[in-house]
Amino acid sequence: MLQPSVPPSTSSASTSPASSKVTPSRDWRDVYAIRLVVTDALVLIWVVFGVQLVWFDFDTESVSVTNAFPVAINYTVITVAIIASWLLLLSIFGTREYRVIGNGNAEYRLLTDASIRLFGLVAIVAFLFKIDLARGYILVAFPLGIAVLLFSRWMWRQWLHVQRLQGKFSSTVLLVGSAESAAHIALELSKHADAGYKVVGACIPRGQSGAFLRETDVPVVGSLEDILYALERTDADTLVVTSSDDLSPNRVRELGWSLEAGRQHLVVAPSLTDIGGPRIHTRPVAGLPLIHVETPRYDGRKRFSKRSFDVIGSSALLLLCSPLFLVLALLVKFTSAGPILYRQERIGQNGEPFNMLKFRSMIVDADAQLQTLLAEQGTDGRPLFKVRNDPRLTRVGATLRKYSLDEFPQLLNVFRGDMSLVGPRPQRAGEVALYDAAAHRRLIVQPGMTGLWQVSGRSALGWEDAIRLDLYYVENWSLTGDFVILWRTLKAVIAPGVEAH
């Protein structure tokens, strides 16, 4: 059991592993925001002035304002006004706030919302003051501006992720709470370094300096009585309360009062994991920040939109990829004996079986050898039947599997309604029989050609990680998320990496 931490006045404090101060860039948020302002301005100047040049020229065109006092306004003045207003709205909507940069869709959503509001504002002003703006100028400048701004922010995000993996441009975090909850949060944050939270220490009940949180390298820098001293000692700028069992409401409130405004921040982490942002709503009630978590629903509009997307997408891909299908079929036919297509019974939505199609990548009696091979490598009791260095692959089978080309016939399953373009991968009845209660939630939605765990590590992931990612998808499905997974699937197919088998 951990003993109470050494008081600040003792000499041992200076010899503990955490006593050396971490010195992060205190102004990294401001530095990054300034860079975004400069880039946004350059993008808008290039786009809006570029559209003006294409449509008119700098000084040869003007627009008339037909009001009580007619006046002509040069389009260059209008362009400058639009750029300035656009930059102002991007700032007002908080698109450069550190809370939204680097992770999630909030940054992109706020940027798009601000741009659409500006488009509406320009339309209202033009109508009220009877300004006859060229429609082509407006209808090209705004969509093009939004697209290039989003691309610019995406490029900056890639750069930011690289910096954060190196420990830069991140919030330095001190965890406060029970040992178990602090270790859980530390482990989750360590898995997502690109989120920008670098844990530098923890204060836990009866914590003793020199110890470490379970299964982490996060040092314990004191007990719950030493929080403010620990903040100074670690130079952390973010205090994360992981549990409040040992902290009274008044104590948490006093901690917030003690933080340096503008530099130090208080974050309360609820006991929720793998819950998507759209399902979470904070509602202040009687001074209590209640968090509402919506129950996942898969009917009505959501089911219609997903099915429509699957039908349109699979139809388009079947037409576009038909020449490739023919080439792959000939390769399978003339490199090994057996049928071109391989049909295997898989378990679909709500436990209903169906025949999944693939280009055959193995010898004819491959299924008969599966249990023997799994038993030899000691994985026959796990619900993820993968054979390492599989001897059953044909000459072209390994290539088909590596680039996922064997999966293309499943577009027919998608079109027919057995599968979806995106969803948890369907598994055999033998694998489903090994499911626990949590894993059975995979069967709530239609299985997919690709899924979240396929684009997050493929064969390198174990069953525990795979089921966690699949359940996250089931609990937080969205059409936008499907687009992101398909985009990541395309990149994984083009550059599969060493983990693809």
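Which strand holds T172? T172 lies in strand β3, which spans residues 171-176. This is a predicted model.

**T172**

T172 is buried, because its relative accessible area is 2% and the cut-off for buried is under 20%. Its side chain has a partner too. The side chain of T172 reaches the backbone oxygen of D235 at 3.5 Å.

**The whole protein**

The protein has 15 helices and 13 strands. It contains 501 residues, and 45% of them count as buried. Now take the contacts between residues at least 6 apart in sequence. Of these, 70% join residues at least 24 apart.

**Helices α1 and α2**

Two packed helices are described by the angle between their axes and the distance between the axes. Helix α1 covers residues 28-55, and helix α2 covers residues 75-92. Their axes stand 10 Å apart, at an angle of about 150 degrees. Angles over 145 degrees count as roughly antiparallel, so α1 is roughly antiparallel to α2. The crossing of α1 past α2 is right-handed.

Which residues make the contact between α1 and α2? The table lists them by helix.

| Helix | Residues in the contact |
|---|---|
| α1 | V37, D40, A41, L44, I45, V48, F49, Q52 |
| α2 | Y75, T76, T79, V80, I83, W86, L87, L90 |

Sorted by class, this contact of α1 with α2 has 12 nonpolar residues, 3 polar residues and 1 charged residue.

Terms used
Residues numbered from 1 in each chain as written. Predicted model: local features only at pLDDT ≥ 70, side-chain atom pairs only at ≥ 80, totals over all residues. Heavy atoms only, no water. Axes fitted to C-alpha atoms, helices over the stretch in contact; angles between N-to-C directions. Helix = DSSP H or I, 4+ residues; strand = E, 2+ residues; numbered from the N terminus. Parallel < 35°, antiparallel > 145°, perpendicular 65-115°, else oblique. Left-handed = near helix turned anticlockwise from the far one by under 90°. Contact = heavy atoms within 4.5 Å. Nonpolar A, V, L, I, M, F, W, Y, C, P; charged D, E, K, R; others polar. Buried < 20%, exposed > 50% of the residue type's maximum accessible area, 1.4 Å probe, protein only. Polar contact = N/O pair within 3.5 Å; in protein donor to acceptor, adjacent residues only side chain to side chain.
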